[in-house]
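Visitor: I'd like to walk through this one with you, helices and charged pairs included. Can you bring it up?

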Amino acid sequence: MQKIAIIIPCYNEEKRLKTSSLIYLIENTSIDIYLANDGSKDGTLDVITDFALKNEERCFVLNFKQNQGKANTIFKSVNLLLEKNNYDYIGYFDADFSTPESEVKRLLVEIEKGETEFLLGSRILLLNSGIKRKYHRHIIGRVIITFINLKFKLGIYDTQCGAKIFSSAILKQVFDKPFKTSWLFDVEIFVRLKQKSLLSKGREIPVYNWEDVDGSKLGWKTAFKILKELYLLIKNY
């Protein structure tokens with residue numbers, strides 16, 4: 001059986017963190033869960049610490065006192081787990097479980113087959129699918145990925161879905177230096193993978209259910225920040 005760790009970055013998630021989803025994963029999978037506090041200013045640290053104490057064999061807290069954003073939190077968390085050298089695979093998912101726990105489990109089942117080095121969930125809007133995404137977010141996402149694929153030719157439909165699992169061997173290749181971007185760090189991962197001829201090692205699989213959760217930090221204003229980060233990607237890669 002593959003040894004798997006999941007990182008869940010948490011910034012001001014006191015009211016959005018779905019502990020019921022965490023309990024489901026603890027009861028229905030064999031993964032270890034790392035709740036990574038990104039310098040939250042609300043009661044997030046208390047919530048995740050309390051939960052970890054009640055599930056201390058499978059759930060752990062990584063507390064970063066200074067807020068540095070999701071990209072840096074995941075970067076630091078992944079490297080801490082790589083130093084432990086205890087896991088075959090390490091993944092990360094969003095704290096609001098916009099990708100439901102049932103979908104997380106499905107990805108875990110796929111990765112445990114040991115047939116691929118990494119998996120990423122993909123929010124493909126199909127007839128009668130369970131993908132419930134705000135229209136403006138869908139449009140922003142399609143525009144972004146169109147530009148990205150024109151430049152980098154990644155061949156990926158959805159780089160931004162917050163559901164990804166990588167082998168530790170792959171992570172050591174692409175988490176060797178900090179990211180240049182914050183909103184587009186996922187893209188940066190795949191650009192690095194392509195540069196090292198490693199994209200063929202993974203698979204993109206559709207998620208059947210996904211839903212925007214109230215409180216998301218992505219909006220129209222963010223689109224302008226993302227355009228700046230597109231420039232950074234082009235400049236640095």
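Guide: H1 passes H4 in a right-handed crossing, where right-handed means the near helix is turned clockwise from the far one by less than a right angle. Keep in mind that this is a predicted model, where local features need pLDDT of at least 70, side-chain atom pairs count only at pLDDT 80 or more, and totals for chains, interfaces and linings use all residues. Residues are numbered from 1 along each chain as its sequence is written, and side-chain values use heavy atoms, with hydrogens and water left out.

Visitor: At what angle do helix H1 and helix H4 pack?

Guide: Helices here are DSSP runs (H or I, at least four residues; strands are E, at least two), numbered from the N terminus. H1 covers residues 19-28 and H4 residues 101-112, with axes 9 Å apart. Those axes are lines fitted to C-alpha atoms over the stretch in contact, and angles run from 0 to 180 degrees between N-to-C directions. The packing angle is about 35 degrees.

Visitor: Which residues of H1 and H4 make the contact?

Guide: Contact means heavy atoms within 4.5 Å. H4 brings Glu101, Ser102, Val104 and Lys105, and H1 brings Ser21, Tyr24, Leu25 and Asn28.

Visitor: How many salt bridges are there?

Guide: The rule asks for a side-chain nitrogen of Lys or Arg within 4 Å of a carboxyl oxygen of Asp or Glu. By this rule the count is 11.

Visitor: Which residue forms a salt bridge with arginine 16?

Guide: Arginine 16 sits in the loop between strand E1 (4-10) and H1, and its partner is 80 residues away in the loop between strand E4 (89-93) and H4. The closest N and O atoms are 3.2 Å apart, and the partner is aspartate 96.

Visitor: Is arginine 16 buried or exposed?

Guide: The cut-offs are under 20% relative accessible area for buried, over 50% for exposed and partly exposed in between, using a 1.4 Å probe and protein chains only. Aspartate 96 is at 9%, so that residue counts as buried. Arginine 16 has 18%, so the answer is buried.

Visitor: Which helix holds both arginine 192 and glutamate 188?

Guide: These two form a salt bridge at 3.4 Å, and both are buried. They are 4 residues apart, about one turn of the helix, and that helix is H7 (residues 185-195).
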